[in-house]
Amino acid sequence: MINKRLINLCSDSKKYIAMTILMNWVSIICNIIIVFLIGIGIDQIYNNENVPIYLYAVVISLLLIIRFICNLLNSKFSYLSSTNAKTILRQSVYKKLLSLGVDYANKASTSTIVQVAVDGIEALEVYFGKYLPQLFYSLLAPLTLFIFLSFISIKVSIILLICVPLIPLSIIAVMKFAKKILKNYWKVYTNLGDTFLENLYGLTTLKVFNVDEQRHRKMNEDAEKFRKVTMKVLSMQLNSINVMDLIAYGGSALGIITALFEFKNGNISVGGILIITLLSSEFFIPLRLLGSYFHVAMNGITASDKIFNLLDLKENEKCEKYKSVVQKIHNPSITMKNISFSYDGKRNVLENINLEIENKSYTALVGESGSGKSTIASLILKMYQADKGTIFLNGIDIVNIPFNVLIKRIALISTNSYIFGGTILENLLMAKQNSSDKDIEYALKTAKLYDFVMQLPNKLQTHIGEGGNLLSGGQKQRLALARAILADRDLIIFDEATSNVDVESEEQIWKAIHELSRKKTILVISHRLANVKYADKIYVLNKGKLAEKGTHEELLASKSVYYNLWTVQRELEMVRGDVNEKNFWY
Ligand SMILES: Nc1ncnc2c1ncn2[C@@H]1O[C@H](COP(=O)(O)OP(=O)(O)OP(=O)(O)O)[C@@H](O)[C@H]1O
Ligand SMILES: [Mg+2]
């Protein structure tokens with residue numbers, strides 16, 4: 001239960017822990033002296049001697065004041081120890097997440113990270129603030145008491161000292177049993193949480209298929225299982241406390257009874273009995289308290305394993321040339337050379353891809369679903385690393401560009417772009433804090449969202465609900481688009497960025513994007529070939545391989561993959577009636 005790595009990581013907490021122990025120790029010494037003074041006073045009264053009451057009163061008052069101050073300082077040091085540890089751990093986790101970049105999602109689930117960084121670190125508060133100081137103090141206190149009480153009766157002191165280790169032994173015995181129950185508890189608990197969340201997300205679907213009642217019954221069964229296992233944990237904890245109480249009070253009773261026999265044999269005085277009676281329980285109280293901190297601390301230790309799992313995750317990038325690249329990646333051009341990539345190490349998703357995205361050009365990537373288009377975007381953004389080949393950004397291998405430097409130059413708008421709760425303005429300002437009204441108007445107009453926002457009663461201050469739920473799918477997509485335009489990055493990647501937008505607005509948005517390419521480098525990924533007709537260069541992917549490249553006209557003329565895709569899509573949209581004289585199929 002002493003985690004060396006954890007304590008070394010939070011080494012500043014050590015001095016606060018030592019101070020907490022010292023304060024506790026001074027406090028118990030004050031207590032012992034007070035009890036001894038009372039015992040000596042009683043003996044003096046019993047023997048009809050003169051009792052210096054005023055002197056005793058002054059000394060006892062002074063000791064009580066010292067004890068009070070020690071208790072205050074004890075709380076302060078305990079607080080400092082846990083706050084310091086929590087801050088260091090949170091900073092370490094945060095730094096780790098930053099160095100992992102977006103890649104974190106491939107190594108640990110978001111829920112685990114949230115759990116570790118919030119609840120996990122919180123659970124260590126008791127470990128640093130209470131458990132560790134108490135652990136050392138509960139060794140120190142019985143020994144101190146033993147030394148003092150041995151002046152009264154060595155026999156009683158030895159009996160009390162021998163009973164003390166029974167408490168940690170009982171904790172160890174209970175722990176074996178507890179571990180099993182706690183493991184089961186967490187399993188049932190997380191299962192219940194997962195089912196609950198899933199049912200909540202899918203409630204509409206459950207209603208549509210009329211299976212909500214069935215799911216309801218299943219949830220009730222899970223909840224009942226959880227109730228039972230919680231009761232088991234509680235009864236285990238209560239039983240463990242009962243056992244510790246039994247040892248603590250049984251032990252002190254044994255000490256008191258032995259003291260009475262000693263008194264009968266004339267070995268100790270009346271005052272001695274009083275001192276032993278008052279102090280015998282103090283032998284056990286610190287360990288008894290340690291036992292109750294133990295359960296919470298165990299939770300913290302389990303959490304610390306998770307924290308270290310996260311801190312030990314390997315980072316992909318080693319960017320020694322960090323500073324020298326920052327200046328060189330403005331207005332980037334991208335070159336992919338012989339790129340091959342597989343997600344699982346078995347099936348190649350990309351094979352020997354060579355492509356060039358020129359600075360301030362409009363490049364498009366098309367191909368059937370699953371052909372590897374989004375994967376190319378992920379590689380450019382360093383979410384994954386290519387197995388073979390190199391990606392150059394202005395001639396610099398992106399392996400040498402840290403993610404947080406890279407992301408200041410590139411924006412990605414995809415169907416996964418997240419809209420946050422809050423107002424429309426808050427979502428926009430996320431991209432650029434000091435945006436002017438003109439910038440915002442331009443971004444909204446380009447994304448064809450301006451008219452909609454302006455006719456809302458609260459305009460930019462309109463609240464759009466959690467995840468932008470009060471907006472339609474298309475409106476959310478256009479807001480994400482406006483936000484990316486506002487971010488003013490040099491290279492913007494649009495991955496199916498208008499898939500939820502109606503054909504008319506889509507056409508206008510793509511024209512605006514085309515305009516944008518005079519100032520920015522644009523990479524457009526789209527199923528719909530009509531969207532990328534104006535691109536300077538179109539790359540056609542087919543099952544992870546580059547099939548063709550060229551302008552729209554060149555590709556049509558070569559009558560190959562692109563031409564076939566174009567013909568099929570055009571015919572389909574003609575049947576659906578999407579083609580009209582304004583449409584750019586012509
Ligand atoms: N995270 C992932 N883990 C494993 N395989 C993946 C992952 N993402 C994509 N794939 C696989 O890689 C292949 C290419 O996927 P990708 O998303 O790049 O296709 P795409 O061309 O963007 O398709 P779409 O047009 O449908 O978006 C697919 O066969 C897919 O199954
Ligand atoms: Mg895709």
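Helices here are DSSP runs of at least four residues, numbered from the N terminus. With that in hand, helix α12 (residues 373–380) gives the most to the shell around ligand 1, with three residues. The model is predicted. The protein chain is assigned two stretches of structure, domain 1 (4–311) and domain 2 (332–401 + 523–578).

**Domains**

- Domain 1 covers 4–311.
- Domain 2 comes in two pieces, 332–401 and 523–578.
- The C-alpha centres of domain 1 and domain 2 lie 60 Å apart.

**Around ligand 1**

- The residues around ligand 1 include Y343, V349, G367 and S369.
- By class, eight residues of the shell are polar, two are nonpolar and one is charged.

**Helices α2 and α3**

- Two packed helices are described by the angle between their axes and the distance between the axes.
- Helix α2 runs over residues 12–46, and helix α3 runs over residues 53–100.
- Their axes come within 8 Å and cross at roughly 160°.
- Angles over 145 degrees count as roughly antiparallel, and α2 and α3 are therefore roughly antiparallel to each other.
- The crossing of α2 and α3 is left-handed.
- The contact of α2 with α3 has 19 nonpolar, 11 polar and two charged residues.

**Helices α15 and α17**

- Helix α15 holds residues 437–446, and helix α17 holds residues 473–487.
- The axes of α15 and α17 come within 8 Å and cross at roughly 135°.
- The crossing of α15 and α17 is right-handed.

**The sheet**

- Six strands form an open sheet with mixed pairing.
- Their order is β6-β7-β8-β3-β9-β10.
- The edges are β6 (410–414) and β10 (545–550).
- Each edge strand has a single partner strand, so one side of each is left without a neighbour in the sheet.
- From one strand to the next, the twist averages 15°.
- Strand β9 (residues 537–542) pairs with β10 in the antiparallel sense, over five bridges.
- I538 stands opposite G550 in β10.

Key:
Residues numbered from 1 in each chain as written. Chains lettered and ligands numbered in written order. Predicted model: local features only at pLDDT ≥ 70, side-chain atom pairs only at ≥ 80, totals over all residues. Near = placed C-beta within 6 Å. Helix = DSSP H or I, 4+ residues; strand = E, 2+ residues; numbered from the N terminus. Nonpolar A, V, L, I, M, F, W, Y, C, P; charged D, E, K, R; others polar. Axes fitted to C-alpha atoms, helices over the stretch in contact; angles between N-to-C directions. Parallel < 35°, antiparallel > 145°, perpendicular 65-115°, else oblique. Left-handed = near helix turned anticlockwise from the far one by under 90°. Domains from an automatic or database assignment. Pairing = 2+ DSSP bridges.
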